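Thank you all for making time this morning. I would like to walk you through one model, beginning with the terms and then going on to the ligand and a few individual residues.

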Amino acid sequence: MTKLIVISAPSGAGKTTLCERLLKDIKMIKLSISSTTRLPRGQETHGREYFFLKEADFKAGIERDEFAEWALVHGNYYGTSKRFVSEAFQDGYSVLLDIDVQGAASLRKTFPKDCFSVFISPPSLQVLEQRLRARGTDKEETILKRLRNAKAEMDRKNEFDLVVINDSLDRAYEELRAAVSTQLSREQ
Ligand code: 5GP
């Protein structure tokens with residue numbers, strides 16, 4: 001059956017790599033490309049990682065009810081396109097959403113039967129800090145803000161259907177893949 005596979009994690013927890021592997025292994029899943037008002041980082045491209053919008057355009061999208069959910073994260077707007085999700089479902093695809101804990105909570109409320117939500121947790125906040133610094137893409141101020149947010153996000157992990165601790169990428173991936181496969185093979 002088709003599902004909304006909602007994945008949340010503090011940034012630096014390894015979520016992007018886990019999502020990429022899942023998309024490669026399970027062909028009937030499409031990645032939802034969100035809209036955001038934050039600026040592109042590094043090689044990020046409009047329409048690939050995100051649709052990068054001006055704040056006024058994002059707000060116009062909210063007015064037109066174009067988002068299945070949206071949230072303010074780290075001071076920027078992020079939102080999931082309703083149209084993308086409904087078209088993927090019509091074509092028989094499940095949708096993978098890499099969104100924050102607020103977005104995950106909204107989707108669970110709006111689509112209670114369709115969601116399978118997973119929280120990817122770093123082994124500890126110290127390990128997360130090391131990973132964020134090693135990435136080298138963010139300013140000090142951004143790293144500190146993300147660490148504060150990470151703590152708040154980790155406090156909400158028990159709202160999720162599954163918590164995967166990313167201690168080793170291969171082990172964490174196997175746990176995630178097995179759980180998602182089970183969900184997708186279930187009858188309605
Ligand atoms: P980043 O700016 O590092 O790409 O993402 C920051 C946070 O925003 C991450 O936790 C990411 O999962 C979340 N995010 C990305 N897209 C969306 C979205 O469409 N909705 C919500 N609620 N959060 C999102």
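What you see is a predicted model, in which local features need pLDDT of at least 70 and side-chain atom pairs count only at pLDDT 80 or more, while totals for chains, interfaces and linings use all residues. Residues are numbered from 1 along each chain as its sequence is written, and side-chain values use heavy atoms, with hydrogens and water left out.

With that scale in hand, Glu 174 counts as partly exposed because its relative accessibility is 38%. Glu 174 belongs to helix H7, where helices (H or I, at least four residues) and strands (E, at least two) are DSSP runs numbered from the N terminus. Although Glu 174 and Leu 22 are 152 residues apart along the chain, their C-alpha atoms are separated by 9.7 Å.

Now, is Asn 166 buried or exposed? Asn 166 has 3% relative accessibility and therefore counts as buried, and its place is the loop between strand E9 (162–165) and helix H7 (169–185). If we set aside residues up to four places away in sequence, Asn 166 touches several others, including Ala 13, Leu 18, Ile 120 and Arg 131, a contact being heavy atoms within 4.5 Å.

Let me turn to the ligand, which is surrounded by 18 residues, the closest being Ser 34, Arg 38, Tyr 50, Glu 69 and Tyr 78; a residue counts here if one of its heavy atoms lies within 4 Å of the ligand. An oxygen atom of the ligand is 2.7 Å from an N or O atom in the Ser 34 side chain, a nitrogen atom of the ligand is 2.7 Å from an N or O atom in the Glu 69 side chain, and a polar side-chain atom of Tyr 78 lies 2.5 Å from a ligand oxygen atom. Strand E5 (67–73) and strand E6 (76–81) are the elements that give two or more residues to the shell around the ligand.

I will finish with Phe 51, found in strand E4 (residues 51–52), which counts as partly exposed because its relative accessibility is 32%. Leaving aside neighbours within four places in sequence, Phe 51 is in contact with Ile 33, Ser 34, Ser 35, Thr 36 and His 46.

Terms used. Buried means under 20% relative accessible area, exposed over 50%, partly exposed in between (1.4 Å probe, protein chains only). A polar contact is a pair of N or O atoms within 3.5 Å; within protein, one must be able to donate a hydrogen and the other to accept it, and residues adjacent in sequence count only if both atoms are side-chain atoms.
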